[in-house]
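Please read the points with the model on screen.

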Amino acid sequence: MSEAVIQEPKNPHLQGNNAPVYEEVTITDMEVIGEIPSDISGNFLRVGPNPYYVPDPDRYHIFDGDGMIHGVHISGGTATYRNRFIDSAGLREERREGHWIYPGLNMFGDYLAKGEMPGTKNTGNTAMVFHNNQLFAMMEGGTPYRVSLPELETEGEHDFHGTLTHNFTAHPKVDVQSGEMMTFGYGISPPFLTYSVVGTDDRASHTTEISIPKPIMMHDCGITEHYTIFPDLPLVFDLEKMMAGGGLVDWDPGNGCRIGIVPRMGDDTSIRWFDIEESFLFHVANAWEEGDEIVFQACRSNRGGIVTAEGSDVREQLGQLHEWRFNLSTGEVASKALDGDYYCDFPRIHDDLVGRKNRFTYAARFRLGTMPTFDGEMKYDNETGEIQVHQFGDGCESGEAVFAPRRNAKAEDDGYVICFVYDRNSGNSECQILDAQRFEEEPVARIKIPQRVPHGFHAAWVADR
Ligand SMILES: [Fe+2]
């Protein structure tokens, strides 16, 4: 008789450092190489998909997993690590029942073909934002979760006191000068795009529908001091194709590529649309105003798609830092690559400069030639054009890095760049802290996390108040 063989899932999103962890831990005593800086105090946070139950490993989609936040609280030169699930109603229900209830995205077509609507779980697995003294974890198909700091306990869905009437992007933008948060939601049925501004009163106001021709996956937006920017790029939802076993979205360049610029309190009558070359972008680096121009920087790819496997056209779908200038007076568009060599994504800047001109942009660098992972971090200088790379060691994989300003900082880059790094050779994870002004040098601190930190999506730095 042959022994039972436990099949390892072939799905790359469940293997290696994409495999989930289940234990929620709090650890204060960690080995550190170097010295944790004492001139920052706050939370480095990273959220990502960490599935508790997987209905069908072969059909698991990278967007499906339950949200888990990994946090490193840094204070007085010491660090505490915590990881916590986003305690969603859907996950609670599944844990109570002891099995999966909500299907993954790749199973949606089966339900639609039977005339059923698949149930969806608001996982909060994508990104976080800090607004009005509250930390939110979000996914673009649901309502934000409020999460406590530094404990990372889920406090519940937050609908802004009943004022939120639409899905909420994972990438709202906070103007730290006005205190407003600009957000939007997209729908696969009309309205395809709805825009809101959340004020310092923690209420969504100015909710207005923006007309776009087709239902698209719009993942991010930009803001300037006076405008909000929407990329209407043709990564289109096609339910009929989905029912026939196709993917979640289709790249449909015949639909056109355009960028909409609306005054912050404007609407469908005041939005201006600018056509651009065939392009896609998941993530905006920043935008600002210069005279009559809106400057818009993002990680641009030649075409849209959700890169989930190796393939000859992967490079077509990976981002490179790019700048467009839209002239509100003449209607002209100027487009230029800021980097012709490196592929990167997850761009971040000093959070206080979102919507204002920034000099430095940081981003995670793609390793090419294999299933896309990140093997370094980039630092771009808008003033000199200089490009710096922090390369991690052989077999090391990183992710989104965030900038944490030093207390009493004297320059835009006077502070630290922080990210998680996973070493495939040892299977160990670290939180690495780089000096942003000595970007290519050895990290100032490598905090060895005793539990593996799976790869995830977006990160945040929230300074202690
Ligand atoms: Fe994102």
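**Notes on the predicted model**

1. This is a predicted model.

2. Is strand E26 largely enclosed or open? Strand E26 covers residues 373–381, and eight of its nine residues are buried, so the rest of the structure largely encloses it. A residue counts as buried when 20 or more other C-beta atoms lie within 10 Å of its own.

3. Elsewhere in the chain, four strands make an open sheet, ordered E20-E21-E22-E23, with antiparallel pairing. Its edges are strand E20 (280–290) and strand E23 (333–337), each of which pairs on one side only. On average, neighbouring strands of this sheet are turned by 20° against each other, direction ignored.

4. Inside that sheet, strand E21 (residues 293–301) and strand E22 (residues 320–327) are paired in the antiparallel sense over eight bridges. Ala298 is the residue that stands opposite His322 in E22.

5. Turning to the whole protein chain, how many helices and strands does it have? The chain contains three helices and 33 strands. Its radius of gyration is 21 Å, close to the 23 Å given by the globule rule for 465 residues, so the chain is as compact as a globular protein of that length. The C-alpha trace spans about 70 × 60 × 45 Å along its principal axes.

6. Burial and contacts can be stated for the chain as well. Of its 465 residues, 46% count as buried. Among contacts with a separation of 6 or more, 57% come from residues 24 or more positions apart.

7. The largest nonpolar core contains 115 residues. Those with the most contacts inside this core are Phe44, Met128, Ala137, Leu193, Ile229, Val402 and Ile418.

8. Which residues does Ile418 touch, leaving aside those up to four places away in sequence? Its contacts are Phe44, Ala401, Val402, Ala404, Cys431, Ile433 and Trp461. Phe44 and Val402 are also listed with Ile418 among the residues with the most contacts inside the core.

Notes
Residues numbered from 1 in each chain as written. Predicted model: local features only at pLDDT ≥ 70, side-chain atom pairs only at ≥ 80, totals over all residues. Pairing = 2+ DSSP bridges. Helix = DSSP H or I, 4+ residues; strand = E, 2+ residues; numbered from the N terminus. Axes fitted to C-alpha atoms, helices over the stretch in contact; angles between N-to-C directions. Rg over C-alpha atoms; globule rule 2.2 N^0.38 Å. Buried ≥ 20, exposed ≤ 12 C-beta atoms within 10 Å, placed from the backbone. Contact = placed C-beta atoms within 7 Å. Core = buried A, V, L, I, M, F, W, Y, C linked by C-beta atoms within 7 Å.
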